[in-house]
Each structure stands twice: as C-alpha cells, then as structure tokens.
Amino acid sequence: MEAYVQEKPSEELKPPVTSVGTIGWVKANLFNGWFNSLLTLVTLYLLWEIVPPLFRWAFIDSVWNTTGAVCRDVDGACWSIITTNLRFILFGFYPHDQHWRPLIAILMLCGLLFYSRDRNHWNKYLGYGWIIGLVVMGVLMRGGILGLSGVETSQWGGLPLTLLLSVFGLTAAYPLGVMLALGRQSRMPAIKMLCVVYIELIRGVPLISLLFMGSIIFPLFLPEGITINQILRAQVAIILFTAAYIAEVVRGGLQAMPLGQYEAADSIGLSYFLTMRLIILPQALKIVIPPTVSILISAFKDTSLVVIIALWDLLKTTQSTLSNPEWMGFSREAYIFVAILYFLGCFSMANYSRKLEKELSTEEH
Amino acid sequence: MATEGKAIQADAGVPVKVPFWLDPKKRAIMYQIGVLCMFGLLAWYLISNTLINLEKQAIATGFGFLNKESSFEIGESLISYSAASTYGRALIVGALNTLKVAFVGIVITLILGTILGVARLSSNWLVSKLAAIYIEVMQDIPVLLQLFFWYAIFYESLPSPRQALNPFHGLFLCNRGVIFAVPESHPAHKYMFIAFVIACIGVYVFRRWAKKRQDLTGQALPVFRISMGTIIGLPLIVWLVFGAPTKMDVPELTGFNFKGGTTLSPEFIALLLGLVLYTAAFVAEVVRAGIQSVSKGQREAAMSIALRPTQVLNLVILPQALRVIIPPLTSQMLNLTKNSSLAVAIGFPDFVSVANTTMNQTGQSIEGVALIMAVYLIFSLSTSAFMNWYNKKVKLVER
C-alpha cells in the first residue's frame, strides 16, 4: 500500500473578505452585535444632524471681515468680531503702536517652552536661558529702559497677562510647594503642623476666595502708604494656591522613595540638606513630573478666574469687546475663539505630559 | 551631624558633653521655636497693621452685621427671604443655593460621567472616539469660560417670554429661564415622602437580613427586585389611597411673565450645565481608570466559577473598581462644589455671591472672606472625614 505523501503545500485559503480589510474592521469595531450596531447607527444619525449644520454655520455661511451691522444679517458665524478686535482681545490696553513688544515676548516664551520639550536639553544652560528669557520678556513688557517707552502694569492685559500669571505663578509656586512638602514630611511637630494646616486650608477653599483675599483684604495687611499693584496681588494669591497643590504632588513623590535611600544617605554622613538636594529630591521630583504638568494645566486654566476681580486677562478683554454695542450678541464666536486658544495651550501640555509619562516609565525597565 | 555626637561618645568611652547646637533633639526644638517665633511675629505684624487700617477707615469689626437688615433682594431662594431679612439669613440662603447646585450637579455629573467613562471603553470605535474627544476638549477649556458660554447662549439664542418656545404642553423656554409644569401641591405628597423614607429604611434592614440569611443558609433572595418594588411600590400605594391626584400646575403666560409652574433661572441652568459638562469629563477619566484597574483575569476567574454576568459585575468587578474610583471621585465632587463658587461671575446667588454683596455693603471684607473660607472648609473637611472612614472600611485586608 502506498503511503500518501503530500509533496506540495495545499493552497492557502484566504480569510473571508468580510473579516479582513475595511469591511472586517467595520464589522469588528462598529457592528459587532446588535447593540453596537444600533449604537453606531444612532450615533451616525446624531452626527449627521449636528455636524453639517455646524460646519455650515462656522465656515460656509460665516463672514470673516465685516462690520457688526453686516453680521446681523448673516445666518452663519460672525468671525469678524475676532478679526476686527483681535489686537484688543490679545493685548488689552497695551499701547497700540507697541503691540510688537508683547508679541515678541509671547513668541519668546513659546520658543523657550518648545525648546524645553526635549529632556536632553535640560541642563544648567537652559536654566540660565530661562532666567535671561524671563528678564528680557519683563523688560519688553515693562519698558522704560533701552529706549523703550514705559508701560504701566495697569495697561497690561489679554494673553500676555494670562501667560504671565500662569508662568510666574508656577515658577514661584514650585519651590514653595517643595518646601511645604518637605515640611509636611518633617519629624518636627511644629513645622509639620504648620505645613499641614496651610496645605489643607488652601486645598479646602476655592481659588476665588483667595483672589478676594488678595484684592480686598491684602491692602489692609500692609502698613499705611505701601500699596502693591493689583496684578501682583492676584499673582501672590495664585502662587499661594498653586503651591499647596504642588506640595501634595511632591509629597506623593517623597513617599514613593524607598527608606533605603534615606538610610544610604545617612550612612555616608550626608546632612539633611544634602540628603534632600543630592539624593531624595532629584529622584522624587522626577517621578512627579507628569502630575506636575497637570497642575501647570490647571493653573493655566485657573488664571481665567482673575476676571472676577476685574483684571484685564484674555477673558475680560473678550467680554469687554462683547459689551460694545456694535458687537453685542456675538458671544458664541468670541468665546469659541478664546476656548480654542485655551484648548491649544492645555492640549499641547497634556500631550507633552503623556509623552513624558511614556518616556519615564520605559526608562525604568 | 546627628551621628557625630554619638561617635565621640563611643570612642572616648566616657560621656562627652555635646554642645547643644550639635545635639539633634535640642537643635530640632530650637528650629521649631525659631519658626514659630517668625510665624508669630509675621502674624502679629499683619494683624496690627490691619487693626490700624481698620480704625483709620472706620470699618466695624466682628460679626454683629449678621443681625442687621440686608436690604438687598436675592433672585432665588429655598427658604423665605426678603430685603428686610438679616444678612445672616441672606448668607444662609446663599449657602443653601450652593448646596442645591452642588447636590443636583453631583447627581447629574455622576450619571453623565459614568456613561462617558463606559463609552470611552466601548468596543464601538465611533462611540469610544467621540467620548475621547469630548473628554479631551472639555478638560482643556476653563470652567469659567464654559459658564460664560452657556449663559450667553441662553441669553442670546432664546426669545423673550412673549415668544417663548413651547416644545410641548407645560414647558416653556425663554431668556427668563425654563418654566415647566409640576404636580399641584396636595396633602398626599407629604405622606408619599414619608412612605418613601420608610421604604428606604425597610429595604436597608431587609438587605442586611437577607445577607445574613445567605451567609448562614446559602440561599439567595431576589434582593434587588424586592428592594426596588418596595421603594417604588410603597409611595405608589399611598398615592392611590389618596385617590391618585394628577392635577398639574401648568405655567401660563400672563402679560410679560409666567404664572404657575416652576422656573429654573438662566443663571442656575448655565451654572449647572457648565459645572456638569466640565466635571463629567474628569469623572469619565476616573471611571475609565477604575474599570481598567481590574485585571482581565478577575473577570475570567469569576466566569469560570459560573457566576452570572450581573454577579460578576456586582461581586467581583465593582467592589475592586470602586476602591480605585471612590477617592478621586470624591475629590472631583469637591472640585465641583468649589467651582460652584464661580456662580458669582454669572450672577447666581450662591454663597460667594451673597457674601460678596454683603462685603460691598458693609465693608467688612475680612469677616466676609473668612465666612466664605469657613463654609467651604466645612464642606471639604467633612468630605475628607468621610473619605478616611470609607478608605478604612474598604481597605484590602492582606495576609
């Protein structure tokens, strides 16, 4: 009896058309089961109802460069409110012919932030770069030297003010927050208690109450004759507020440090200060980079609250534009524009935070 | 440096007198005294400045103003209030309004956030992506901006009361708010409420008994169905006993305003909408993380011992997911409550808004801000006390 030996491989069967490629993908991701199919159809219907009219409103029927009176006869969006008032919304009452100065300051800030994205660039020189950059930005904004005309801080407004409050808020709050976190971990009961009370107190109250405190009560704290301008008072409130949140984040990092690190530092005779500076903080702060970025994001969003104490930030300039009779009633367009600005800022930071998280987590293993 | 002192001691074999600035214990005490002194000096300096300033500006101090007549109106109030009432009552009205927004907001946020979180994990690509877009966009826009946006939409898009939209009988939409019909007040309602409370207590006792019974005998009762039946059934029976009153209080347009029904003001709706849509995005992330934290093996193991899908969810997945979800969830709820203070920006009379008016009228800003802080601290401290209790209760008992 002759054995049957298959000499050629049998012909490969292709998977059915309905389970690979586009059809397969659609089947697996949109129409697996009756419930998902129904869900997909309902969602598609809703999208069909919402997206085309929205698109028509925003792009097809919209006007981009007209006066307010023309806008009222148009069905679509009136983006003219943005194009006409862009400079006021972005820069507030900053002298009109000097707008290039805040613009350059903002571009510098964006450039520095962009350069700092790459962690390979993080070194001493970048730190110096930041310090020089911030000073140059301050000079550009304030003027008064180098032939630049002086601009009072009361004239600052719009986007530069928003960025100023958040960037300085975070840079000043960070060291304070680290100190508070160390204080909370301290073995000295009096210091520990002070820090705990501070952190819990600040985290328990809304930012708006601190802003009220800064704008109404703080002048009462100072001896007679000394006044501090309103932007600085709001800035102090934001710093005090953000520091408490940073302290909690840093505490998480400190608690994640194994005890062995402290013991090793003790065994080579390092003092408390050196232990923290050389051993603990570099590791602990690295762990908490991603949550710190999310604090940066919320600090950036929270600066919008200064509108309540009548500072001319981005939101306030927008509202002021809207109270102009010519542009009254176009809130949607104006707020959407501001929302897009905030979204771009926060979204890029959030994306960066995710990227960092991925990098840091792969490094460990 | 702490070890040096001891080292000297050990080497010499006889106790060597350590100078007090090298003794860690004494040094710690000195540091603390120093810090406390500095803190005390700063506080004394600020307080003395404040007292001098207050005296110069002739501002009264103390909480005596709480008993004075407020002479301002508040748009909406849960308790009776008029301009003749005291500041104290005005502040209570504000606090109740804050609680109202917070409570309604939290309930809706939890529902919406859970739906979004589950949608984010859906195997349906379209739904999952849309939920992701929603979460990302809402998280990245300041909540204050959202409040302004909704408020403006309300004011600019909706017609005046005369041309109010009337999508169906008993509901009106206009720029004065949403006016809708409510059941006309009837003595039955009070008893229905009592019946509801009794049903809740009864169900609680029944569930404990059923659990004990199951632990002892292994027999399970249809607990869920019986509980739902009691909670819905008992008030329903009371309602039927009272002759099933169905008369509705329908709003009607008279002149420039509406009569009857209940009105939700545009401020309230804008505040609620902004807070809910914003916080729901964060809640969705919390829910998603919680569900993902339960490993797949848990579900597979539960299914392999033949638990039904509802049992898998109730006995295996949820207890573990909730342990991860609850702590960040409470902090989100607290955030919502704190963010409700932004009501002051759109004119809803919450606690901060009323306190702000009080401060402007009396000039007693220190007391006003102190009251604001105290009220929010009470909210957050009681929440964290609850959290500590809960964390202890659900803590994993490890070997």
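In the predicted model, helix 5 of chain B meets helix 8 of chain B through Val143(B), Gln146(B), Leu147(B), Trp150(B), Tyr151(B), Phe154(B) and Tyr155(B) on one side and Pro266(B), Ile269(B), Ala270(B), Leu271(B), Leu273(B), Gly274(B), Leu275(B), Leu277(B) and Tyr278(B) on the other. Residues are in contact if their C-beta atoms, placed from the backbone, lie within 7 Å. Of the residues in this contact, 14 are nonpolar, 2 are polar and none is charged; Ala, Val, Leu, Ile, Met, Phe, Trp, Tyr, Cys and Pro count as nonpolar, Asp, Glu, Lys and Arg as charged, and the others, Gly among them, as polar. Helices (H or I, at least four residues) and strands (E, at least two) are DSSP runs, numbered from the N terminus.

Residues are numbered from 1 along each chain as its sequence is written, while chains are lettered from A and ligands numbered from 1 in the order in which they are written. Because the model is predicted, local features need pLDDT of at least 70 and side-chain atom pairs count only at pLDDT 80 or more, whereas totals for chains, interfaces and linings use all residues.

Helix 5 (residues 143–157) and helix 8 (residues 266–293) of chain B pack at an angle of about 140°, and their axes are 8 Å apart. Helix 5 of chain B is therefore oblique to helix 8 of chain B. Axes are lines fitted to C-alpha atoms, for helices over the stretch in contact, and angles run from 0 to 180 degrees between N-to-C directions. Angles under 35 degrees count as roughly parallel, over 145 as roughly antiparallel, 65 to 115 as roughly perpendicular and the rest as oblique. The crossing of these two helices is right-handed, meaning that the near helix is turned clockwise from the far one by less than a right angle.

Within chain B, helix 3 (residues 87–120) and helix 10 (residues 309–339) also pack at an angle of about 140°, with axes 10 Å apart. Helix 3 and helix 10 of chain B are therefore oblique to each other, and their crossing is right-handed. Here Ala102(B), Gly105(B), Ile106(B) and Thr109(B) of helix 3 meet Met333(B), Leu336(B) and Thr337(B) of helix 10. This contact comprises 4 nonpolar, 3 polar and no charged residues.

Chain B as a whole has 13 helices and 7 strands. An automatic or database assignment divides chain B into domain 1 (2–53) and domain 2 (87–184 + 247–394), whose centres, taken over C-alpha atoms, are separated by 49 Å. Chain A, by contrast, has 15 helices and 0 strands.

Between the chains, 45 residues of chain A are in contact with 47 residues of chain B. Helix 2 (34–60), helix 8 (189–204), helix 9 (207–221) and helix 15 (331–364) of chain A each supply at least two residues of the side that touches chain B. Helix 15 of chain A gives the most, with 10 residues. The side of chain A that touches chain B divides into 30 nonpolar, 12 polar and 3 charged residues.

Notes
Two residues are in contact if their C-beta atoms, placed from the backbone, lie within 7 Å.
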